[in-house]
Amino acid sequence: MEFHYKDSACVSDDEIKALSSSLSSYIEHLREIAEHDTYDEPECSIFLPYDNDLYEQIIRAKEEKISSRLKYVVVVGIGGSNLGTKAVYDALKGHLETLNPNQFPKLLFADTTDPESISYLSNLLTTETKDFSEIVINIISKSGETLETIVNAEAILQHLKAKFGENIIHRIVITCGIDSPLWKSAKEQNITILGIPETVGGRFSVMSAVGLFPLSAIGFDIDKLRMGAQDMRKTCLNKEMSENPALLSATILFKQAKDGRTINTNFIFNPRLESLGKWYRQLLAESIGKNGIGLTPTVLIGSTDLHSVAQLHLDGPKDKVVTFISAKTDSNESVPNERIFPNIRIEVTGKKLSDIVSATLESTKEVYKKKKIPYTEVVLQNISESSLGAFLQFKMLEIMYLGKLFGVNAFDQPAVESYKTATIDRLKQE
Ligand code: PA5
C-alpha cells in the first residue's frame, strides 16, 4: 500500500513531527500490547490477526458447517458486526452480484429491519435451496441482544423452520460476546458459538470471528487477510513518522480538523471499494465523534460523484479534507481502434479503460491542489485479501492515534446506547 501526502496535505513536516512526537509514548504502549499479544486492553484488536487459536477455531467451525453444496451464508448483524465483512466481500466478489447473480456461494446481509427485504431474503432461501446444508445463518452481535439483529434472525428462522423443520438450528452459527444473552441461549440449545473477546469493540472486530468466519465460509483466504494486517501492524507501529502511514494520516486529519476542515471525504476511485469506505465511515464517526468534537466522514465514488458533489467540494465551503483511495488494476479492457462513434472524444481511441480512470484521478487531484483543498492518497497494490487486510489494519491504527490526539476514548459509543435504550423503552410501552 502506498500513502502519499507531500505537497497536497497542506500540513508542514514540522507540524506533523510535533504531533507525532506527542504520540510517542502511545506508540510505545501499543508496541507493548503487540509484544504481549493478549486481550487485556481496548487496543487489543491489534492482536486478532496473530491469534492462531482463533484461526483454528474458525477452521473447525468451517469444517463442521460448510459443505460443497453451500449456496448462501446469511450474515445477520449490524454496524461493527457486519460492515467489515461486507467491505471485504463487496471488494472481492459482491460487486458482481447484480451482473453475475449465479455465482455461489454468496454472502447475504440482513442488517436494518426492512420487512420487505427480510421477506425477499427468506423467500430466496426457501425457494432456491433443496437442502438445508446449502444455508448457514451467521447471527452476529457483540452485545448479544441488538434489536434489529434479534428481530431479523427470528423472522428469517421462522421461514426456514417452516420449510426445513426444527433441525434448521444446526445451520446456525452464533458469533457473540462471551456470556451475552445470545451466548447463554445458544449454549442452552447446543448451537455452534464463536466468541468475541470482551475488549474488542464492534467496529474493530473485523479480524475476529465476526469477519473471519463468514469470509472463510464462502472461500476467501482469511490467512492472507490476516497476513496483510500483520504486515501493516508492524508498519503502523513504527516510531519513525515517515515510515508510519497511520501516524501520518492521523496527524494530518487532526491538524486539518483543528483548522476547521472537519469533513473527511473518502474519494474512492474504484466502485468495488465503496463498502470499504462505509466501514471507515463508521470507524471514524463512532470512534471520534464525542464531547462536541469529531470529523464527519463522507464517501464519494470517482468518477461517479465528480458529476454530483465535485462542484460543492471545489467551490463550496472550505471545510473538507479528502482521502483519495484507489487500487492498481491490470484489466486490458479498452476502447477499440475501430470505433462505432469515431468522431466523438477521439482522444480515447485505443486507450485502456484503466488509463482513462487514472487520467481522471490524476486530473482531479491536480484541480484539488490548485483549489488548495488538502488531500492525502492511499493506493492499494491490488484488490486481494492481503491488500484489504492491510488497509483495514492501517485505518484501525490511524483511528487509535486520532482518538489519542483528540483526547477521546475511541472505543466506546455512549450516545448510540441512548437511542437503543429509548427504542426498547418505547417498545415496552406499546
Ligand atoms: O461498533 C460498534 O460497537 C457498534 O456499531 C456495534 O457493532 C453495533 O451497534 C451492533 O452491536 P452488536 O454487535 O452488539 O449487535
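Predicted model: local features only at pLDDT ≥ 70, side-chain atom pairs only at ≥ 80, totals over all residues.
Residues are numbered from 1 along each chain as its sequence is written, and side-chain values rest on heavy atoms, with hydrogens and water left out. Local features need pLDDT of at least 70 and side-chain atom pairs count only at pLDDT 80 or more, while totals for chains, interfaces and linings use all residues.

Where they touch (heavy atoms within 4.5 Å), domain 1 supplies 34 residues and domain 2 supplies 30 residues.

Together the domains bury about 2,800 Å², 64% of it on carbon and sulfur atoms; this is the accessible area (1.4 Å probe) that two parts lose on being put together, summed over both. On the domain 1 side, Arg226, Arg233 and Arg272 lose the most area to domain 2, together 27% of what that side buries.

Turning to specific interactions, the count between the domains is 1 salt bridge, defined as a side-chain nitrogen of Lys or Arg within 4 Å of a carboxyl oxygen of Asp or Glu. Glu286 forms a salt bridge with Arg203, and the closest N and O atoms are 3.1 Å apart.

As for secondary structure (helices being DSSP runs of H or I, at least four residues, numbered from the N terminus), the elements giving two or more residues to the domain 1 side are H2 (24–36), H9 (222–236), H11 (274–288) and H14 (385–406). H14 provides the largest share, 9 residues.
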